[in-house]
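Work through the exercises below with the model open. Each task is followed by its solution.

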Amino acid sequence: MADEKGICLSGKGLTKIFGYGRQKCVAVDHVDFDFYEGEVVSIVGESGSGKTTLAKMLLGLISITEGEVYFQGKKRDISTQKKKKEYWTNIQAIFQDPYCSYNIFNKIDTVLLDCIHMRGGKKLPYKKKVELMTEACSFVNMKFEEMTNKYPFELSGGQMQRLMIARIFLLKPKILLADEPTSMIDACSRATILEMLMQLRNDIGMTIIFITHDIGLAYYVSDTVYIMEHGKFVECGCADDMILHPKEAYTRRLISDVPKIYEEWDLSTV
Amino acid sequence: MSKVMLEVNELTTKYVTRFGEDVYAVDHVSLKVEEGKSLGISGESGCGKSTLALSLMGYYFAPLHYTSGEIIIDGRNISGMDPDDIRRSILGTEISYIPQSAMNALNPTQKIIRFLEDVIRAHDPKVTKEEIYELARERFETLGLPAEVLQKYPVELSGGMKQRTVIAISVILCPKILIADEPSSALDVTSQKMVIKMLLDLMEKGFIKSMIFITHELPLLYNVTDDIMVMYAGQIVEKGTAREAVFDPLHPYSKGLMGSIIVPEIGLRDMKLTAIPGVPPNLKKPPAGCQFAERCKYVQPQCKVRAIDLRDIGGGRAYRCIFSEEQLREAYKNGG
């Protein structure tokens, strides 16, 4: 683990319980973690293991039943809307479904302008804003001139997801939470998106929390991998160790579920 | 040589846009699937994979139109037939289809058994409810699905279970060919494995004779199918066995697709993912020459002048490029 780097985000005994009484459902069960600065962390688990619930708690989108989130060593305070907005300049997210991530009435330049305004660039001259937006678009291999008058629904899924990354590029948050950003787009655009995320990490030095069900993807992008089963972290460690020498049976199962090309894919263990 | 189940010759279908423009989404595609074999179709979004699947079923409803070519299912030519006739006499018994989003394929207000009744009665109205229930229960149990599913509503099932139920419904009449259009892309890896196991079981137990599997995940295709066909902008750019297409791709586009494979195996982290730059051509105004010329690393001036023919090099292998096999292999060895 990175010793000299500071802890960016940590959780102590985070718990989320939906419902009560007989219908109680413990989605996330007393998880503890420390995410370091500039690290790529993956959270891997199958559907229903509580990955997205954890993500929503970290973002402050849903309330926390028990436990605390610490941001840069201090207790996170999002009690008022103003404080919440301030927190969101530090943590941003890319969601699974790009089609639902945009306000359909806003044109793309509005989407990008909002990001500039959020970073305190409201008083900048328009020319400067255009410059910033052009820079962000060229970072994700898009042409700003072609995009400026379009609505989000005119773009393809891959393009939308890239525009999301352009937003992140403008916002420059400390932490990026990527919740299955590549599960709805094809393999070819997936490579582009992953490369861009890695470049963002190198350029801005932000922490990326990458949530996925595909352990191969986690292995490719991350430094540290957390395996989640039924709301608990069952294994955590350096990506290389984890994939090549898994300790838990659950991790082994996740690895065996991914189709492989150099080894035999064992279908008998379903 | 085993019996040919599905033969497609030079099939061309087009979409007609609101403004009267023709978009050829399937462009002179020929393929052959033998009994007991499976064919995988790969390519990026918008390359015509799903349109090809719809065309094979004879599902020609506007804006999709049949243009030319023939589709022969087990010796019977279905091209040019009326879509309603096809639905009555061919869908379900000869050819069947699993849609991409099983989540939305089932009517939420009806029990699963009702869908099976619908399918069976559409072909034979005289079957009684008890017979259908018996058949369905037996079939579900053979395929490893609990029989209680039959009396449930779709909302009570999980995503993977829904997808497997849809597959079981599609094959209830034992079709000769099953077209699976990205059956696992909305599922997590564990449910994906169950779905794949079920599809392979179907083949093994003889409920279906051959299968066409469409997906963009090459590692999955490699594990499931015997042959792989890569499509680009409505055309076939490469055909070959699974092993050949993955380990020895000839067309620069298939080579590019190989660069985007992610598998949790030793050596992955040292490998750099390579994406193919650029976007597919606008099929409203297709380029004069090779469709892939704009994005190709090895592009030559003559590529942009005339259309390139599919080169058949024997053994079921074909590719669409002006270079010879040796030249391409040499180029990949040097340039990666």
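**Exercise 1: the fold of chain B**

Chain B has ten helices and twelve strands. Helices (H or I, at least four residues) and strands (E, at least two) are DSSP runs, numbered from the N terminus. This is a predicted model: local features need pLDDT of at least 70, side-chain atom pairs count only at pLDDT 80 or more, and totals for chains, interfaces and linings use all residues. Residues are numbered from 1 along each chain as its sequence is written, and chains are lettered from A and ligands numbered from 1 in the order in which they are written.

Task: check the radius of gyration of chain B against the globule rule.

Solution. 
- Take the radius over C-alpha atoms; the rule is 2.2 Å times the number of residues to the power 0.38.
- For 336 residues, a compact globule would come near 20 Å.
- Chain B has 21 Å, so the two agree.
- Along the principal axes, the C-alpha atoms of chain B fill a box of roughly 65 × 50 × 45 Å.

**Exercise 2: the contact**

Solution. 
- Count residues in contact (C-beta atoms, placed from the backbone, within 7 Å).
- Chain B gives 34 residues and chain A gives 33.
- On the chain B side, helix 6 (189-205) and helix 7 (218-224) each give two or more residues.
- Helix 6 of chain B gives the most, with seven residues.

**Exercise 3: confidence**

Task: what are the model's scores?

Solution. 
- The ipTM is 0.80 and the pTM 0.86.

Definitions and conventions. Two residues are in contact if their C-beta atoms, placed from the backbone, lie within 7 Å.
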